[in-house]
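Trainee: I am new to reading protein structures. Could we go through one together, feature by feature?
Mentor: Gladly, let's look at it.

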Amino acid sequence: MYNLKVDKEEATHVRALPNSSGLLAPKSDLALKNKSGLSVGPGVGGLLGSKLSMASHGLRHNTLILKIEAAVGENTCKYKKVDEVFLKKRKLEENSIGPWSMYAYCLGLILCLGCSNAWNSALVYGYGAVIVSAMLAGLAYTALIVIVAEMMTMLPFNGGMATFARAAFGPYWGYIIGSSEAWEYTLFGAQAVWQSGLVLATAANIADLNYAPLFWLLTVGLVFALQMAGTRWIMRFIGLTLTINILAMFILVIPSLPSLNVWQNTLFPAQNLQGIAPNVVNATDVVTLMFPFGSNGIFQTIPTLMWTFMGIEATPLCCEEAVDFVANGPRVALKAQGTMWFSVIVIMVIVPLLAPGLSNGGLDPLVQTFCSTYNIQAGSIAYNALYCTLFLPNLMLAISCYSFACSRQIYGLSHVGYYSDKLSIVSKTKVPIGAIIETLILFMLVALILQYEASGVVLLALLNGSLLYGLFAYTATGFAYIKLRIFIPHVNRPFNPGYWVGMISALFLISICIACMVQLFSTDVFRETLLVCLGKLALQFTEFLFHRRHHLKSTPEEEFIHAEMNVKAADEVMQSKREVTDASSYSAIVLPTASAGGNLHHMNRSSVGVSVVRQSVTAEVKEKTGIEKPEILITPD
């Protein structure tokens, strides 16, 4: 729904804007127009509050920000206007992801690859350090969800965190962060593909693991078929594999609860991990035992725990296919994050208290706990069958979730011209066929490197690159949130956690991400591998700098970002709201209200929908004012 601002004196410009509270104005609101011709809507402080309004007004003349936007903004890129045919060829299936499917997708991104076993590799720094790092990482991801939930309802366009970076810092950063996200999902998915071949080869009792890639034809082929069948099918499969994983967690843990013993299963094994003889340390030295390296142990383990819970940031990538994403997206993401905290308690707190405890040294502590309870020997037929039955669904969940996230990320980047626009064309089932094929090919190519590169910089770069790319995107998202909150306060935010909650969340997220990157780059072996990742990103950016930026697409969402997500637009709105307090310099005019059937939040890529709104508004303005061709600018309520 929109309000019309009509300048009757000059009768040349009409602007459809929400009122300041984000709600519909009455049918015949009274607006004020100052002597310079600037229309001012009713409701001075409904959206921002007086303190925030004055703070933002004090920043609106920041010439440095304006110069930066001019130097690296869209003015340095070339945009081509897209037509209705272009958009129809790239229209995804609407309302194909319901709230439950979205919840399964969000939770699957967290609970799949690595969640149940990656933390086990950090125990050398102490069990206490792992628990504290898990709490810090969990809080960081909760902070991420808080700010992402606000921005993804403010900008519900398919592009994920790339959209936020582009809106805040321009297309250059949008490309860098979008590419970082795409590589993050690619490397995660590739690791799942690689491990699926090893698990199936082990279950089939094949000694030569060089034949493991043959099993990728089964796992990747199944996911490809489900993706091509339509979004509903891949979401059903994600829901099925997630259910199996959750049920497996309870099946593995509940029978072992009688073996719960804090001292025997946790503290004694912790002594062994540190090379301390049993019974040397008594109960009074628990703190020293749990934190053998002090605070440095926490610093060393944070990257591992951040890697363990990665993935929830891909929630915005299902916005165009979700049912009422603006209303359901934040609620579902926060529920998935709450479930993640429950999983942390089960996997990292309860399981280590069960036999065989921290000393098991197995790949998956859940499986090892179950085998200990029923005395199932590693390498036996029963063990291989159990391991395949329980671990394979986890890997299939990872391949499904990350192939969907990566394909939609590539689709979003392709749609606006960052990548080839052919990758965003959809099939008869309304899925981006080019993006899906490229995603799965990349999965298998990277998996081949993991399979046959036994050691070296390349292998470590691929394993650790997913974390580095994710940290880049998280840090940029935090800074984007801060900028949009301070400099772009006038755009409606359907999910609004509050100014200080959002700002504190962004700052905390940035702090944790910077701490992780400092730790990674301070380690020699990681530093070399991460430089490989940076080099790969630099090569991509070079291609964008010399080619892609000259062939970007002016899609509806790009037009909206260009019109409203900049300091100049915010400055105009803030100035109008402030000046309404000086009523003596204004003359009163009647402001009619248009009831246009649609909302830009729910017409993300539909030029047809935007066209209908424009036609409806134009007809009403023509009838009321006699203007033959009024200039219409539409912004969401």
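Mentor: Let's begin with burial: of the 637 residues in the chain, 58% are buried. Buried means under 20% relative accessible area, exposed means over 50%, and partly exposed lies in between (1.4 Å probe, protein chains only). This is a predicted model, in which local features need pLDDT of at least 70 and side-chain atom pairs count only at pLDDT 80 or more, while totals for chains, interfaces and linings use all residues. Residues are numbered from 1 along each chain as its sequence is written, and side-chain values use heavy atoms, with hydrogens and water left out.

Trainee: How many helices and strands does the chain have?
Mentor: There are 22 helices and eight strands. Helices (H or I, at least four residues) and strands (E, at least two) are DSSP runs, numbered from the N terminus.

Trainee: What does the surface of the chain come to?
Mentor: Accessible areas come from the Shrake-Rupley method with a 1.4 Å probe, and for residues only the protein chains shown count as cover. Here the accessible surface is about 25200 Å², and 65% of that belongs to carbon and sulfur atoms.

Trainee: How should I read contacts?
Mentor: A contact means heavy atoms within 4.5 Å. Take the contacts between residues at least 6 apart in sequence: 81% of these join residues at least 24 apart.

Trainee: Which residues does Ser180 contact, leaving aside its neighbours within four places in sequence?
Mentor: Ser180 is in contact with Tyr469, Phe472 and Leu537. Ser180 sits in helix α7 (residues 171-203) and is buried, at a relative accessible area of 0%.

Trainee: And where does Leu257 lie?
Mentor: You will find Leu257 in the loop between α9 (231-253) and α10 (262-273). With a relative accessible area of 39%, Leu257 is partly exposed. Not counting residues up to four places away in sequence, Leu257 touches Ile350 and Leu354. The C-alpha atoms of Leu257 and Thr369 are 9.8 Å apart, although 112 residues separate the two along the chain.

Trainee: Next, salt bridges. How many does the structure hold?
Mentor: A salt bridge is a side-chain nitrogen of Lys or Arg within 4 Å of a carboxyl oxygen of Asp or Glu. The structure holds 10 of them. One joins Glu84 and Lys88, with the closest N and O atoms 3.1 Å apart. Both residues lie in helix α3, four residues apart, about one turn of the helix. Glu84 is partly exposed, at 39% relative accessibility.

Trainee: Which residue does Arg232 meet in a salt bridge?
Mentor: The partner is Glu93, at 3.0 Å from N to O. This pair links distant parts of the chain, with Arg232 in helix α9 and Glu93 in the loop between α3 and α4, 139 residues apart. Arg232 is partly exposed, with a relative accessible area of 35%.

Trainee: Is Arg485 buried or exposed?
Mentor: Arg485 is buried, with a relative accessible area of 6%. The closest N and O atoms of Arg485 and Glu150 are 3.1 Å apart. Arg485 lies in helix α17 (residues 457-487) and Glu150 in helix α5 (residues 127-154), so the bridge ties together parts 335 residues apart in sequence. Glu150, Arg485 and Arg493 are linked in a network of salt bridges.

Trainee: Let's turn to backbone angles. What is the phi of Asn95?
Mentor: Here is the general idea: most residues other than glycine have a negative phi. Asn95 has a positive phi of about 55° although it is not a glycine. Asn95 belongs to the loop between α3 (84-88) and α4 (99-111) and is partly exposed, with a relative accessible area of 44%.

Trainee: Where does Asn375 lie?
Mentor: Asn375 is in the loop between α14 (365-374) and α15 (381-415). Asn375 also has a positive phi of about 55° without being a glycine. Its relative accessible area is 59%, so Asn375 is exposed.
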